[in-house]
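Please read these notes with the model open beside you. They are meant for someone new to reading structures.

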Amino acid sequence: MNTHRKCKVLVVGGGPGGYVAAIRAGQLGLDTVLVEADRTGGTCLIRGCIPSKALIHAASRYEELLAHVGSGKLGISLSSAPELNLVATQQWKESVVDRLNGGVEGLLAKAGVEVIHGWATFADAKTCEIETADGGQTLHAEHVILANGSSVTELPGIPFGGAVISSTEALTLTEVPEQLVVIGAGYIGLELGIAWRKLGAKVTFIEGGERILPIYDKELTRPIQQWLKKHDVEVITSARAESVDQDDVGAVLHYRDKAGELQSIAASKVLVAVGRSPNTQGWGLENMPVDKQGAFVQVNDQCRTSTRNVWAIGDLVGEPMLAHKASAQGEMVAEIIAGHKRSFDPVAIPAVCFTEPEIVSVGLTPDEAKAKGLDISVGKFPFAAIGKALTMEAGEDGGFVRVVARTDDHVIVGIQAVGAHVAELSGEFALALEMGALVEDLAATIHVHPSLSEATMEAALATFGKAIHG
Amino acid sequence: MGHYSFKLPDLGEGIVESEIVDWHVSVGDRVEEDDLLVDVMTDKATVELSAPVAGTIVRLGCDAGEMFAVGSELILIETAGEGEAVISPSPSAAEAATPKPAPSVPQAAPVQAPEPASHKTTISHVPGRHEILAAPSVRRRARAEDIDLAVVPGTGPAGRISNTDLENFIAAGGMQAALPVSNQSAARSATTEIPLRGLRRVIAQKMVAAKRNIPHYSYVEEIDITALEELRQHLNENRKPSQPKLTLLPFIMQALAKTLPEFPFCNARFDDEREVLTQYDAVHIGIATMTEKGLMVPVVKHSEALDIWQSASELSRLSAAAREGSARVDELSGSTITITSLGAIGGIVTTPVINAPETTIVGINKLQDKPVVYHGEIVVRKMMNLSSSFDHRVVDGYDAALMVQALKRLLENPASIFV
C-alpha cells in the first residue's frame, strides 16, 4: 500500500556523500530520510575504495610472504609457499565491509535518520515515490539532496557479462584469473590489475593514452611503470579495444594497436576500467527542472541545482569523483539547510592512487602550475635518502616527495609524492595547501625522525635552498 | 500517432510549483501550434503558455486554481506525426512555450526576476585562484559573517589572513567600515545591511548598464499647460459614465504618439553590440511605475492607435496590474520609449535614466502655478517642466531639442494634438 508523508530533508543515495549529508542533517535536528536501494555505504564502501583496499592489502601480504620462500630475505625463510585461499580472503574482505556498513547504519540511527531501503523515483522536484520490499510510499520533501553517485562505464562492443567484468566483479573473484586483461590504465584499472598480479595473475593493460595514469606527470608515474616492468606486466599504450569473443573458457579481446593493426589477446577475464559515469537515469531526474552541465547535474558553489531547495553532491555533479569530495559537499549542504552560511571552497581536493607504489597528488603539479602562468620553484626529495624508508624496504622503488611553490611569495601550490605508504602523507599535504602555507612553514615544522614524513620537510627545504640530507 | 507530454516548465527563479490560473483548452480540443493553452501564475507575472505542437488534448494535469509542480506533465497532446514520445522540459521548451516574449525578454523592462546564480562549481585543484590566503577556519568564519576576505588586510607571510586579522577587521567595524564611503552619521554606530536581492538587484544591474553604456544627454524645457489643463477639466466634466477620468499622462502620451513619427530615432531601440538602431512605426510607451517591489515599467502598446480615453483606460489597467503583480510578462516588456513622472511629488528638474536599449525617456515634473510673462504682462499660468534624456550616440542634441520643442508646441496648443 502506498502511504504519503512529508519530511524536511530527503537524501537519495547512501554513499559517502549521501550518508554524511544525512548524518549531519540529523545531528542538526532536521527531520531526515535517506533512501538507498542497496546497503548504506555506497560504491565506496560496498564495491569500491574499501573492498579494493582490503584486496590490495591481502595481495601485498601474499606477495611479501612469497618473497620469503626459501630466500632468507631479512633473515626470514619460509620452507614452503604460502597457500592462497581466495574464498577465505574474500570472506575476510566482506567482514571489513560488513563492519563498516554496520557502523554507518549505527551512525545514521544515532543521528535520528530514517533509512528507507528502496528505489526512489521523482515524480517532480519535491515528490518522491519509493518502491520498497513491502510496497511503496510517497515522500514530499522540503529539501532534496541528490547523491545518486556513479556507475562503471561500459565500452561499446565489449558489453559486461561472462568473462568481461567491471571493477565490482574484479573485487569478488574467488579464483585468480590466469590471464587478466585490463582495459584502461587509470587508477582503478591499475589498482586492481596490480593486486591481481600480486595474487598470481598474468596481467596485460590495454590503454588508449600514450602512457599509464595520463592525469599525472611522467616523473610521478615512473616508479609504477618500473614496478609493472619488473613484474612482467605488459602495458600496451595508444591501443583501442574494439570487441570481444567469448567461449566457455575465456575470451579473446580484439584491439587496434598504435599502428592501427588489429590485434588479439586471449584472456580468462577482461576487466573494463575506463571510468565512471554519473547516475542520471532511471530515477526521474528528467521530471525535475534541474539543469545539467554535460553528463553531470549542474550546481553552484553551495551545491544548489537550478531548482530551489534541490541540492546535488558527489559523483553526480562532476569530477573529481572521489568519496571525500562527496562527503565534504554532503556535510556542507546539510549545514546550509540548517541555516549555516557555507560554501564549497577547498583549495585542493587530494587524490591518491593505491598502486604499487602509491601516488598522492594535492594541488598543482609543476606542469599545471606553469600552464596557469605561475612562476614556480620545485623541491624534490627521494625516499632512498630517508632512513625510515630504508628500514621498511620502501627506499628502492624510486619514490619521492615533490613540493611546488610560487617563486615570488613561496606559497605552496602543490605537493605530490610517489612511494610505498605515501597515501598517509596526504593529510599534511592538504593541510599545508588549505592553510596557505609557505615553503618555510613546512620546512620549519619539526618532523619526526625516523619517519617517511621527513621527506616532506626535506623537499620543502630543497625548494629554495638546500635539503640537509640531499 | 504520437504523444507529446507538455511539462510545466520552470518559469524562472527556480520555482517549484505554479498556480494554474485558467485553462484555455479542454480534453478533446484540437490545438494548433502556438495556440494558447493555459495561464500560469508565477510570483511576478501571469504567463501564458501556448502549444509547442499541433494535436488533440488528451489529458490535463489539474483543475484551474490548483498549484502544480514544475516538471510534471501539464498536458498530454496527441500529435499526428511519429511519437516524439515524452519530451522533457528544457529551457528552450520553456521559451518556446512563452508566447511572444515581445522584442526579447532579457532586454525588457526591469521585471525579470533574477535567476539565483547557478554557476558550475569548478572544483579545480587551483590554489592560484585563492589570491586570498587564509586557513579553512578563517574562510568559514568570514563566510558566516558575510565578510569578503578580499578586503581584509592580512598580516601573515605572503599576506595570509589570520584569525586575529579577521577579528581585528570585525572589531574595526567590519565590511561597513571597509567600504570606501560610509554614509553613516558619525554619532551613530548601528548599521543595517540589506542584501541586494530580487527585483532590486535587477534594477541595480539595469541602471548600471544603462549609465555605463549610454552617454546621457538631458534637456529640460518649461511648458505652459494652462490651455491643456482647461481642456482636461472640460473633458473630465463632460465625460460619459463609461469613460475614465483623464489625468495629464494620457495627453502627453497622445502628444508623443503624434510627435514621434517626425523623430523616429526617439522611438527606437539601439542594439549597441550590433550597432543597429531599430526605429519603430508603432509607439509602445513604457510607463515607469512605482510598485511595492520597486520600479516596474508596464507598456501601453500601440499608443498611436489609441484615442485619449483608450489611452487612459489602458494606462490605469496596466499600472494597477503592475502594482498588484498580475501583469503578464508581455505587458511588462517591448516598450520603444518611456515616460517617467515624479510630478506628483514635486521637483523642478530630473535627470531620468534611459530604459535601455531605448533612446529616449521623457520625465514629467511638478505642475504648478507660476508668475510668468504672458503677452507682455506678468500673469499666473500653469507651468510644468519636461526633463528628458536621450542616448547621445544616436540622438544629437539639436534633434533632441527639436523633438522636445515639437512636443511643447502640441502641449501648449492642445487642440493640435487631436487634429
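Predicted model: local features only at pLDDT ≥ 70, side-chain atom pairs only at ≥ 80, totals over all residues.

1. Start with chain A, where helix α3 (residues 49–67) packs against helix α4 (residues 86–110). Their axes are 9 Å apart and meet at an angle of about 145°. The crossing of α3(A) past α4(A) is right-handed. On the α3(A) side, the contact is made by A:Ile50, A:Pro51, A:Ala54, A:Leu55 and A:Ala58. Helix α4(A) contributes A:Thr89, A:Lys93, A:Val96, A:Val97 and A:Leu100. Sorted by class, the contact has 8 nonpolar, 1 polar and 1 charged residues.

2. Next, look at helix α9 of chain B, which covers residues 397–412 and has 16 residues. From its first C-alpha to its last, α9(B) reaches 22 Å, close to the 22 Å expected at 1.5 Å a residue.

3. Which residues of α9(B) are buried? They are B:Ala400, B:Met403, B:Val404, B:Leu407, B:Leu410 and B:Leu411. Viewed down the axis of α9(B), these buried residues fall within an arc of 120°, so they line one face of the helix. Among the elements of chain B that cover them are β9 (216–224), α6 (226–237), α7 (248–259) and β18 (377–391).

4. Finally, find B:Leu277 in strand β11 (residues 276–279) of chain B. B:Leu277 has 18 C-beta neighbours inside 10 Å and therefore counts as partly exposed; a buried residue would need 20 or more. Leaving aside residues up to four places away in sequence, B:Leu277 touches B:Phe265, B:Ala268, B:Phe270 and B:Val394. The C-alpha atoms of B:Leu277 and B:Pro357 are 9.5 Å apart, although 80 residues separate the two along the chain.

Terms used
Residues numbered from 1 in each chain as written. Chains lettered and ligands numbered in written order. Helix = DSSP H or I, 4+ residues; strand = E, 2+ residues; numbered from the N terminus. Buried ≥ 20, exposed ≤ 12 C-beta atoms within 10 Å, placed from the backbone. Contact = placed C-beta atoms within 7 Å. Axes fitted to C-alpha atoms, helices over the stretch in contact; angles between N-to-C directions. Left-handed = near helix turned anticlockwise from the far one by under 90°. Nonpolar A, V, L, I, M, F, W, Y, C, P; charged D, E, K, R; others polar. Expected span 1.5 Å × (residues − 1). Arc of directions from axis to C-beta.
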